[in-house]
Amino acid sequence: MRIGIDARFYGSVGKGLGRYVQKLIENLEKIDKENQYFIFLRKENFNEFVPKNKNFKKVLADYRWYTFSEQINMPRILYRHKLDLVHFPHFNVPVFYRKKFIITIHDLILLHFPTLRATGLNPVFYGCKYLAYKLVIGSAIRRSKKVITVSNFSKEDILRNYSFLKQEKVGVTYEACDSLADENKEIENREDVLKKYDIIKPYLLYVGNAYPHKNLEGLLEAWKIFAEKELETRLVLVGKEDYFYRRLKEKIKDEKIARVVLAGFVKDADLIYIYRQASVYIFPSLYEGFGLPPLEAMSLGVPVISNSHGCMREVLGEAAYYFNGQDKNSIKEAIEKLLRDSVLRARLISRGHEKVREYSWAKMVDQTLEIYKQA
């Protein structure tokens with residue numbers, strides 16, 4: 001087959017989605033010596049991918065995501081390469097592309113949390129954008145040969161919201177956690193890292209964005225109660241400053257919430273050390289398609305407490321301690337429990353190491369290749 005992969009999200013430019021695309025292609029290169037692959041990239045990540053398999057060819061497709069240019073020009077370049085199948089790793093499939101394709105839908109966050117938008121958007125403009133999202137994703141699902149998603153929770157969510165979709169059309173391929181510790185052995189003992197970000201032990205850690213569904217405002221409400229009685233532990237939030245983090249900063253200041261550190265963007269080498277020194281990793285998110293950060297924490301020997309969300313229970317199983325993310329007292333009690341119960345902490349650390357080993361990118365790609373053959 002001649003298979004195209006829309007890799008415009010490839011690598012660091014695409015964040016979590018970029019990692020998925022990168023691991024998909026890297027592992028396909030290792031196992032597939034039969035099919036021909038055409039990897040479509042933008043200028044900003046074109047040099048990031050260096051083919052290691054002679055059957056893989058990269059193609060420049062420098063069209064920004066979610067634009068009219070993408071809708072008009074992507075079909076042209078895809079048709080030009082006479083592809084038997086195209087894999088779109090996101091919902092933004094050009095509406096004018098009418099040959100065989102499959103899509104990966106990681107989650108339906110934008111459907112369930114329509115307020116998830118950039119600041120400053122005119123409400124009318126945002127309403128149009130949201131409607132366009134619903135139309136594009138519905139069209140992509142209807143026209144695709146197969147739909148891949150990353151958990152059974154997401155599969156059920158997709159089937160529930162798109163009743164025309166048959167169950168057998170949706171396949172689940174779990175993502176995986178990279179071995180962060182192996183890649184960063186040189187940062188074992190660097191107390192200067194904590195000083196750089198004004199972090200003092202002991203501390204709870206959260207790593208990620210501050211979009212509304214991540215529920216960091218709910219976490220802060222719980223932390224405010226906890227911090228009134230416990231005068232030593234800090235809460236460290238790691239994530240690049242944006243509108244949502246600035247809003248959190250204002251809340252912390254206005255409500256005088258004690259001992260919260262907004263560390264901002266942290267480079268990977270420093271982040272591993274910050275993970276390892278944390279007493280607990282906390283994940284209060286109200287909705288996820290897979291939820292990678294808790295697995296990363298587990299891989300580094302950090303006990304995890306998480307919202308009792310269907311997806312997180314599926315992915316983390318018995319390796320995490322759960323709370324009700326919509327109840328600030330439940331969050332507070334979970335924090336207290338993990339900080340005080342050393343036996344539970346040790347048990348979760350042990351289970352976490354075992355849980356991480358259940359997931360692998362190689363397994364994900366084996367399953368994806370099988371879906372290509374079916375499609």
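Lys 355 counts as buried because its relative accessibility is 12%, where buried means under 20% relative accessible area, exposed over 50% and partly exposed in between (1.4 Å probe, protein chains only). Its side chain meets that of Glu 358 in a salt bridge (3.1 Å, N to O), a term for a side-chain nitrogen of Lys or Arg within 4 Å of a carboxyl oxygen of Asp or Glu. Glu 358 is partly exposed, at 41% relative accessibility. The model is a predicted one, in which local features need pLDDT of at least 70 and side-chain atom pairs count only at pLDDT 80 or more, while totals for chains, interfaces and linings use all residues. Residues are numbered from 1 along each chain as its sequence is written, and side-chain values use heavy atoms, with hydrogens and water left out.

By this rule the count comes to 18 salt bridges. One of them links the side chains of Arg 42 and Glu 44 at 2.9 Å, N to O; Arg 42 is buried, with a relative accessible area of 10%, and Glu 44 is partly exposed at 48%. Another salt bridge pairs Asp 270 with Lys 196, whose closest N and O atoms are 2.7 Å apart. Asp 270 lies in helix H11 and Lys 196 in helix H8 (residues 191-196), so this pair ties together parts that are 74 residues apart in sequence. Helices (H or I, at least four residues) and strands (E, at least two) are DSSP runs, numbered from the N terminus. Asp 270 is buried at 0% relative accessibility, whereas Lys 196 is partly exposed at 45%. Leaving aside residues up to four places away in sequence, Asp 270 touches Arg 190, Val 193, Lys 196 and Tyr 197, contact meaning heavy atoms within 4.5 Å.

Helix H10 is the next stop. This helix (residues 243-254) has 12 residues and reaches 16 Å from its first C-alpha to its last, close to the 16 Å expected at 1.5 Å a residue, the expected span being 1.5 Å times one less than the number of residues. Phe 244, Tyr 245, Leu 248, Lys 251 and Ile 252 of H10 are buried. They cover an arc of only 110° around the axis, which puts them on the same side of H10; the arc is that of the directions from the helix axis to the C-beta atoms. The face turned away from this buried side carries the exposed residues Glu 250, Lys 253 and Asp 254. Among the elements covering the buried residues are helix H9 (216-229) and strand E9 (234-238).
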